[in-house]
Amino acid sequence: MTTWLDVPADHPFGIDTLPYGVFSTRDAPQRRRVGVRIGDHVLDASAVAAIGRDAGMVGDGPDLATVWETPSLNSFLALGRPAWTIAREWLTEILTDDVHRAGVEPHLIPLDRVTVHLPIDVADYVDFYASEHHASNVGQIFRPDNAALPPNWKHLPIGYHGRAGTVVVTGTDVVRPSGQRKGPQDPAPVFGPSIRLDIEAELGYVVGGATAIGSRVSVDEAVDHIFGVVILNDWSARDIQAWEYVPLGPFLGKSFATSVSAWVTPLDALREARVSLPGQADPPVLPYLQGDAFGLDVHVEVSLNGAVVSRPEHAGMYWSPAQMLAHLTVNGASLRDGDLFGSGTISGPTVGSRGSLLELTWNGTRPLTLPDGSSRGFLEDGDTVTMTAWAPGPGGSRIGLGEVTGTIRPAVPLEA
Ligand SMILES: O=C(O)/C=C/C(=O)CC(=O)CC(=O)O
Ligand SMILES: [Ca+2]
Ligand SMILES: [Mg+2]
């Protein structure tokens with residue numbers, strides 16, 4: 001497929017990607033609306049949809065001009081899978097068929113003239129734990145006297161409910177959290193800025209097609225509710241986490257910020273990236289977790305202050321996003337438009353594919369040396385972490401997932 005736009009064939013935001021986001025421009029900073037990224041431009045989606053509507057070209061389909069003239073993707077997410085498919089086919093047509101060029105071209109805005117915003121109004125946020133390598137690394141580090149994997153790990157995708165209100169868009173600074181910590185040798189907990197501030201490289205799945213409380217979404221139905229994918233950094237304060245989270249799980253150690261990329265890549269753009277899971281034969285999973293549980297071949301790259309420190313491979317994840325959604329709803333919990341669930345830290349079998357500093361530096365005992373000669377166990381104030389990702393597309397093309405970046409700012413003192 002080729003577009004009439006001048007986009008190089010190897011561009012990560014070519015015609016096969018077409019991700020959605022929310023943007024504004026300098027002349028109308030309050031007017032946040034849905035945009036579609038193509039090359040180094042953002043298509044003002046509602047403005048273009050309005051042309052079709054006003055010219056009587058859009059029949060009985062949803063009024064996308066109205067749905068896209070809103071400050072989040074949530075109204076669009078509410079429409080569900082059939083409308084998502086129609087919208088993507090229509091966007092593809094107007095960007096490939098030359099007859100639409102004159103109408104569409106005025107609504108392409110150069111990327112450097114837009115500000116991107118959080119693409120979804122996050123409803124509920126859940127984070128899973130789906131990488132066997134990550135779970136067994138962290139088990140060895142935090143629970144050296146136990147088996148590396150907890151006994152339930154291969155029977156269900158473990159997760160925890162996180163804090164939806166602190167999900168922030170790429171480019172947002174992250175203030176170092178403060179809290180309680182207590183090392184094994186400390187007689188009592190102390191309060192202060194975290195000294196083990198970490199990252200977690202993940203994918204985030206964006207949910208639409210809300211469901212009623214008391215209903216379930218099966219593994220096979222999950223694709224009707226998984227709209228698309230973002231890159232997600234689950235910032236984690238390991239010292240706060242280690243002291244607080246037994247027995248109820250992560251709380252303040254992870255609730256201060258979770259960063260996501262600006263562009264939501266539709267699941268439809270990741271068809272060529274579908275892969276089989278590494279395998280769940282031993283033990284077999286319960287029937288409600290069986291079905292079309294595909295994995296996704298997404299390649300992630302993590303940089304610290306510009307130096308690549310890890311290349312996690314999402315294809316190695318043990319649990320699939322469809323299984324996570326089936327598990328999330330098997331007790332009758334409803335889905336809301338704008339729900340977000342994280343894959344869990346993506347770590348592979350090699351040191352260079354681990355998705356957290358906790359693992360990369362083995363809890364700070366094997367610090368990383370950066371090109372400037374400095375070393376890191378965990379993050380320092382001023383550090384910038386950037387995660388990028390891509391997946392294979394049709395005909396050898398690359399589907400870019402963009403980036404999520406954030407810089408650490410100093411902790412806020414307790415006394416003002
Ligand atoms: O195993 C532990 O004690 C802790 C694990 C995590 O902190 C990871 C978590 O947030 C889930 C994940 O990202 O895989
Ligand atoms: Ca996590
Ligand atoms: Mg978090």
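H134 is buried in this predicted model, because 28 other C-beta atoms lie within 10 Å of its own, and a residue counts as buried once that number is 20 or more. The residue sits in helix α6. In UniProt, an unreviewed entry lists H134 under "active site". Apart from its neighbours within four places in sequence, H134 has contacts with G344, T345, S347, G355 and E359.

On the scale of the whole protein, the assignment gives two domains: domain 1 covers 20-117 and domain 2 covers 125-409. Their centres, taken over C-alpha atoms, are separated by 30 Å. Each side brings 14 residues to the contact between domain 1 and domain 2.

On the domain 1 side, the elements that give two or more residues are strands β1 (20-25) and β5 (114-117), together with helices α3 (74-79) and α4 (81-96). Of these, α4 gives the most, with four residues. The side of domain 1 that touches domain 2 is made up of six nonpolar, five polar and three charged residues.

Key. Residues numbered from 1 in each chain as written. Chains lettered and ligands numbered in written order. Predicted model: local features only at pLDDT ≥ 70, side-chain atom pairs only at ≥ 80, totals over all residues. Domains from an automatic or database assignment. Contact = placed C-beta atoms within 7 Å. Nonpolar A, V, L, I, M, F, W, Y, C, P; charged D, E, K, R; others polar. UniProt positions renumbered as here; feature names shortened; annotations may be inferred. Buried ≥ 20, exposed ≤ 12 C-beta atoms within 10 Å, placed from the backbone.
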